Amino acid sequence: MYIASCGKCVLSGVVARGTYVPRLADGRIAALVAGLPAVMVAGPRAAGKTTTARRHAAGLLRLDDPAVAAVVAADPDAALRREAEPVLIDEWQEVPQILGAVKRAVDDDPRPGRFLLTGSVEAELTARTWPGTGRVVRVVMHGLTRREISGASGAGLIDVAVHGSLDDIVLPRQRVTIDDYVALATTSGFPEPALRLNGAARSAWLDSYLDHLVTRDVLTTGHTRDPVRLRRYLEVLGLTTASIPTEATLSDSAAIDRRTVETYDRLLINLFTIDLVPAWTSNRLSRLAKRRKRYLADPAVALTAARVAADDVLRDGDLLGRLLDTFVAAQLRPEVELMQPRARLHHLRTEGGRQEVDLVIDLGRGRVVAVEIKAGSSPRLKDARHLVWLRDELGDAFVRGILFHTGPHPFELDDRIWAVPIAAFWTPRAGDSTR
């Protein structure tokens, strides 16, 4: 497949259909299926949920097949009894009453490994149809990371930052340039464009994805929205990804009222299209801003929504910074989701913006890993001044600061502050195997 430590090799080919790329969520899904009766795999449409879930299932009910859906709708309880377990119930929202049958089956027999559920839309329908608390445990599967595509296994980069040393970060064999990083970001984290498409075909897929989102996907959530206005709002989000705009700014830029902004946000969160990262708070710091940081979850979707080409990004420092921030967040999100004890992703900004940290990973008990993303290839200590400030404010609670950059080498900038190439996310570490 690809050699993880070579940026140009990562871009050099496609993966044959039928070739499975192991996902970071595989281990979590396997553990939950082994210990719990029902597991729901949630996430954006086309992220590979069904492909992954099928590897953990013995039986399958594809409810996007009208014939299968009709049989299941007629008697959901009988349909479940006919299948080998674990049975994967794919696109469960097509026959929502299947959830009641799962509830009854789990109540009668709560042994582990009985049901897997997948669907493109989960949050609102679940809340209205059946609260699965205590019966179904949810796993969110995000888009592909470069680590998954490259085949790098072993400890994740954040785990290395918390428990390891710089010696655990292996240098790429070939320099990954800023052009490479932009190209990688524009390949998307969705398996189809990331693994099997190039050039015009990939662009057409991403355009079609957005068209589907603003027309058909919104209907599955029970909303009927003007697709022109929603597409215009997505364009604004694409241009401002990785920023902290006010609702008034978004409203004015998209020519919609603030109530519509709130409605669109709820809709796009339910569709896993945007990620609103909350502001980090601490009783050890004062005058922290409270607004959430807005990301389009996939960097290629962000550029497609904004109608911006890769060449435009390389001529605009602001767009470049936003794209790299969005790209790094997309690599971090699945790792943080699976960390144990559970970690949470935040951002930090003081009122007036005097200090700002791109991302703060809250490890619990007040401990944090702080992240800054810079487009430069030769970072210096002054580039990490906000990380230094946060370290000095938090003391021992500051576990590590990471300044991600586009240069070739990892090195220590200061006490507990590393400068790390973005490519370290997918560079194999000791004990890894590369496909």
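Me: Which residues does arginine 114 touch, not counting residues up to four places away in sequence?

Reply: In this predicted model, arginine 114 touches Leu36, Pro37, Glu85, Pro86, Val87, Ala105, Val106 and Asp109. To count as a contact, heavy atoms must lie within 4.5 Å.

Me: Where does arginine 114 lie?

Reply: Arginine 114 is in the loop between H6 and strand E4 (115-118).

Me: Why is arginine 114 called buried?

Reply: Its relative accessibility is 9%. Buried means under 20%. Arginine 114 therefore counts as buried.

Me: What is omega for the cis bond that joins glutamine 340 and proline 341?

Reply: Omega is about -5° there. Proline 341 lies in the loop between H18 and E8.

Me: What is the phi of glutamate 91, which is not a glycine?

Reply: Glutamate 91 has a positive phi of about 55°. This residue belongs to the loop between E3 and helix H6 (98-108).

Me: Is glutamate 91 buried or exposed, and why?

Reply: Glutamate 91 has 17% relative accessibility. The limit for buried is under 20%. Glutamate 91 therefore counts as buried.

Me: Now take alanine 255. Is it buried or exposed, and why?

Reply: Relative accessibility is 56% for alanine 255. Exposed means over 50%. Alanine 255 is therefore exposed. Its phi is also positive, about 60°, although it is not a glycine. Alanine 255 is placed in the loop between helix H14 (247-254) and H15.

Me: Why is helix H19 called largely enclosed by the rest of the structure?

Reply: Seven of the ten residues of H19 (residues 385-394) are buried, so the helix is largely enclosed. The buried ones are His386, Leu387, Val388, Trp389, Leu390, Arg391 and Leu394.

Me: How much space lies in the largest pocket?

Reply: About 1000 Å³. The pocket has 46 lining residues. Closest to its centre are Val140, His142, Asp275, Arg333 and Glu337.

Me: What makes a residue part of that lining?

Reply: A lining residue has an atom within 4 Å of a point of the pocket.

Me: Which element gives the largest share of the lining of the largest pocket?

Reply: H18 does, with eight residues. Among the elements that each supply at least two residues are helix H2 (25-35), strand E5 (137-140), helix H15 (258-270), strand E6 (274-277) and helix H18 (317-338).

Me: How do the residues of this lining divide by class?

Reply: There are 28 nonpolar, eight polar and ten charged residues. Val140 is one of those closest to the centre. Val counts as nonpolar, whereas Asp, Glu and Arg count as charged. Asp275, Arg333 and Glu337 are therefore charged residues by the centre of the pocket.

Me: Which residues lie nearest the centre of the second largest pocket?

Reply: Ala46, Ala47, Gly48, Thr50 and Glu91 do, out of 34 lining residues. About 780 Å³ of space lies in this pocket. H12 gives the most to the lining, five residues. Helix H3 (49-54) and helix H11 (191-196) also supply at least two residues each.

Me: How many residues of each class line the second largest pocket?

Reply: Nine are nonpolar, twelve polar and 13 charged. Gly counts as polar. Gly48, by the centre, is therefore a polar residue.

Me: How many helices and strands does the chain have?

Reply: The chain has 19 helices and 13 strands. Buried residues make up 55% of its 435 residues. Of the contacts with a separation of 6 or more, 72% join residues 24 or more positions apart.

Key:
Residues are numbered from 1 along each chain as its sequence is written. This is a predicted model: local features need pLDDT of at least 70, side-chain atom pairs count only at pLDDT 80 or more; totals for chains, interfaces and linings use all residues. Side-chain values use heavy atoms; hydrogens and water are left out. On a 1 Å grid over the protein atoms alone, a cavity is a set of points where a 1.4 Å probe fits but cannot get out, and a pocket is an open set with protein on both sides within 12 Å along at least five of seven lines; lining residues have an atom within 4 Å of a point. Grid points are joined across faces, edges and corners, and a volume is the space filled by probe spheres set on the points. Helices (H or I, at least four residues) and strands (E, at least two) are DSSP runs, numbered from the N terminus. Buried means under 20% relative accessible area, exposed over 50%, partly exposed in between (1.4 Å probe, protein chains only).
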